[in-house]
Amino acid sequence: MAILLLGLSAQAADFQLLNVSYDPTRELYQEVNAAFAQYWKGKTGDNVTVQQSHGGSGKQARAVIDGLEADVVTLALAYDIDAISEKAGFLPKDWQGRLPNQSAPYTSTVVFLVRKENPKSIHDWNDLVKPGVSVITANPKTSGGARWNYLAAWGYALKKFGNDETKARLFMAQLYKNVPVLDSGARGSTITFVERGIGDVLITWENEAILAIKERGKDKFEIVAPSISILAEPPVALIDKVVDKKKTRTVAQAYLQYLYSEEGQEIAAKHYYRPRLAKVTAKYADRFPKIKLFTINELFGGWSKAQKNHFSDGGLFDQIYGHK
Amino acid sequence: MKLLLKQKSVLPGFGPALGFTLFYLTIIVLIPISMLFLKTATLGWSSFWETVSSPRVIASFGLSFGTSFTAALINVIFGLIVAWVLVRYRFPGKKIIDMLIDLPFALPTAVAGIALTTAFSERGLLGSLLGSIGIKTAFTPLGIIIALTFIGLPFVVRAVQPVLEDLDKEMEEAAVCLGARRWQTFVHVILPILFPALMSGFAMAFARALGEYGSVVFIAGNIPMKSEITPLLIITKLEQYDYAGATAIATVMLIASFACLFIINRLQWWSHHRQEA
């Protein structure tokens with residue numbers, strides 16, 4: 001009996017992790033999970049399988065709040081993870097300081113996708129407010145991705161008008177006047193632009209834009225990098241309550257740290273997310289055009305503040321549509 | 001009532017069957033819906049009122065109820081015609097058309113939404129045709145009506161069909177013998193018999209349309225104050241983690257739908273009663 005027990009404890013342990021993520025990261029994490037399982041097996045001899053769940057970032061966060069047992073979450077914006085911390089208390093409020101780079105191992109930015117040869121000659125944000133230009137973006141109130149788009153435009157306007165908020169508001173009002181459809185999700189607006197052929201320009205995440213071109217052919221679309229844009233930082237976090245209950249803290253922690261490793265960064269870059277590691281950034285430099293980027297902390301004082309000022313009911317976005 | 005309960009039924013097991021029915025309804029319907037009210041109650045009266053009376057929410061109520069009503073009405077008229085054709089005439093391909101009617105039931109609503117939007121957007125087959133005569137459908141309230149008509153079609157057809165099938169041809173013949181013109185026969189003989197079925201078809205199509213989300217969000221355009229349906233606003237609230245606000249709007253929807261269904265039910269009862277008399 002004692003021998004049998006001894007034999008069991010020496011055997012490799014099996015771990016199961018659940019990574020609750022948002023929509024466009026499906027392919028990225030498929031590759032990460034396979035690579036991490038191999039890495040972890042080599043390091044500790046234990047088997048780890050990471051299961052994935054994808055959906056709209058806000059929806060996913062609500063599922064975790066309501067009890068979906070995620071060991072880690074990898075969402076589109078810090079606000080959604082803040083909500084898990086605030087509403088459910090599953091992780092401490094200062095979660096963002098627990099990993100390097102405000103817990104965002106890879107980044108992206110907001111660019112334009114235009115039709116081949118750029119017939120409306122769109123080169124920067126101020127071309128989007130011109131009359132006759134039709135702009136496609138999702139509704140920032142329902143789509144996390146679209147919130148980055150909105151804030152990127154707002155940041156441009158603030159810089160252009162020397163922080164004059166009244167003028168910036170006017171700019172935003174003109175921009176959204178050119179939006180004929182506000183899809184509820186970011187992928188929805190990509191479909192509107194790419195499949196249905198509606199609109200002259202799609203405001204979108206860089207990884208989505210590159211993916212659209214890769215899938216639909218170079219002869220149909222072009223990417224236009226604006227003069228300035230926002231540094232989109234999709235964050236990752238450990239859900240303390242779940243990992244303590246499932247006793248998976250060590251492996252879950254290692255999983256998140258793996259995203260910062262050279263292999264992890266390589267995989268991110270391969271899936272068109274901008275890596276943080278200088279060495280990997282240099283290797284994929286030709287893939288990501290140099291754009292002047294501002295962060296949400298610099299310009300908006302973080303997500304909670306931005307959410308409250310811009311996207312709450314009666315906030316600045318609602319005011320664009322004429323209701324206070 | 002008491003008398004009725006005590007009466008011996010031919011079928012055994014009334015007690016357990018009723019008990020099970022009540023239990024089942026409680027688990028499946030009553031408890032989840034009471035959660036809605038409980039969550040709303042956390043809001044307090046003043047913020048409840050503030051939420052549901054904001055211009056954007058009011059605009060969405062107008063849009064949701066207006067388009068659902070219109071779509072259900074369209075379905076009553078054309079659903080009746082479709083049912084009529086299917087019951088009264090024989091023609092090749094009838095079985096296939098009969099099956100097509102149920103398609104909106106079977107299709108995931110998101111698929112319906114994508115298909116409709118593809119057909120009715122400016123570059124789509126139907127959208128470009130309508131566009132050439134100056135009618136814009138996708139991304140306008142008109143597009144919403146189209147989507148809601150689509151998903152509501154089976155309700156009216158399937159409600160009217162069996163009644164039409166049972167309709168005594170002799171009654172029509174009698175009417176004609178007594179000198180009624182065709183339209184008189186229809187208005188005075190056939191329509192009153194069909195009325196209850198049409199009403200229940202209308203009620204189901206209307207109720208389904210009110211709650212429809214999946215197919216509408218694709219074709220609506222979702223522009224605040226113009227083409228935002230109420231279910232989308234509920235999702236919007238959830239996206240802001242405003243559970244109480246979302247359930248507040250949902251509560252108003254629930255009460256309003258219940259009132260509508262109640263009125264329709266009374267109308268049905270009234271027309272049935274009048275016929276019997």
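Analyst: Let's begin with contact, which means heavy atoms within 4.5 Å. By that rule, the contact between the two chains takes 27 residues from chain B and 30 residues from chain A. Before going on, bear in mind that this is a predicted model: local features need pLDDT of at least 70, side-chain atom pairs count only at pLDDT 80 or more, and totals for chains, interfaces and linings use all residues. Residues are numbered from 1 along each chain as its sequence is written, chains are lettered from A and ligands numbered from 1 in the order in which they are written, and side-chain values use heavy atoms, with hydrogens and water left out.

User: How much area do chain B and chain A bury between them?

Analyst: Buried area is the accessible area (1.4 Å probe) that two parts lose on being put together, summed over both. For chain B and chain A that comes to about 2,500 Å², with 52% of it on carbon and sulfur atoms. On the chain B side, B:Glu239, B:Gln240 and B:Tyr241 lose the most area to chain A, and together they make up 31% of what that side buries.

User: How many salt bridges are there between chain B and chain A?

Analyst: A salt bridge is a side-chain nitrogen of Lys or Arg within 4 Å of a carboxyl oxygen of Asp or Glu. The count between chain B and chain A is 3. Take B:Lys237 and A:Asp313, whose side chains meet in a salt bridge at 2.2 Å, N to O. Polar contacts follow another rule: a pair of N or O atoms within 3.5 Å, where within protein one must be able to donate a hydrogen and the other to accept it, and residues adjacent in sequence count only if both atoms are side-chain atoms. That rule finds 11 residue pairs across the interface of chain B and chain A, both residues at pLDDT 80 or more.

User: Which helix gives the most to the side of chain B that touches chain A?

Analyst: Helices (H or I, at least four residues) and strands (E, at least two) are DSSP runs, numbered from the N terminus. In chain B, α4 (55-88), α7 (109-120) and α13 (230-239) each supply at least two residues of the side that touches chain A. α13(B) gives the most, with 6 residues. As for make-up, that side of chain B divides into 13 nonpolar, 7 polar and 7 charged residues; here Ala, Val, Leu, Ile, Met, Phe, Trp, Tyr, Cys and Pro count as nonpolar, Asp, Glu, Lys and Arg as charged, and the others, Gly among them, as polar.

User: Now the domains. Which residue ranges does the domain assignment give for chain A?

Analyst: Domain bounds come from an automatic or database domain assignment. For chain A it gives domain 1 (2-104 + 234-259) and domain 2 (108-232 + 292-320). Their centres, taken over C-alpha atoms, are 31 Å apart. In the contact, 9 residues of domain 1 of chain A meet 12 residues of domain 2 of chain A. The two domains bury about 900 Å² between them, and carbon and sulfur atoms give 64% of that. A:Pro24, A:Leu77 and A:Tyr79 supply 50% of the area that domain 1 of chain A buries against domain 2. Between these domains the count is 0 salt bridges and 1 residue pair in polar contact.

User: Is A:Asn163 buried or exposed?

Analyst: Buried means under 20% relative accessible area, exposed over 50%, and partly exposed in between (1.4 Å probe, protein chains only). A:Asn163 is exposed at 61%, whereas A:Asn118 is buried at 9%.
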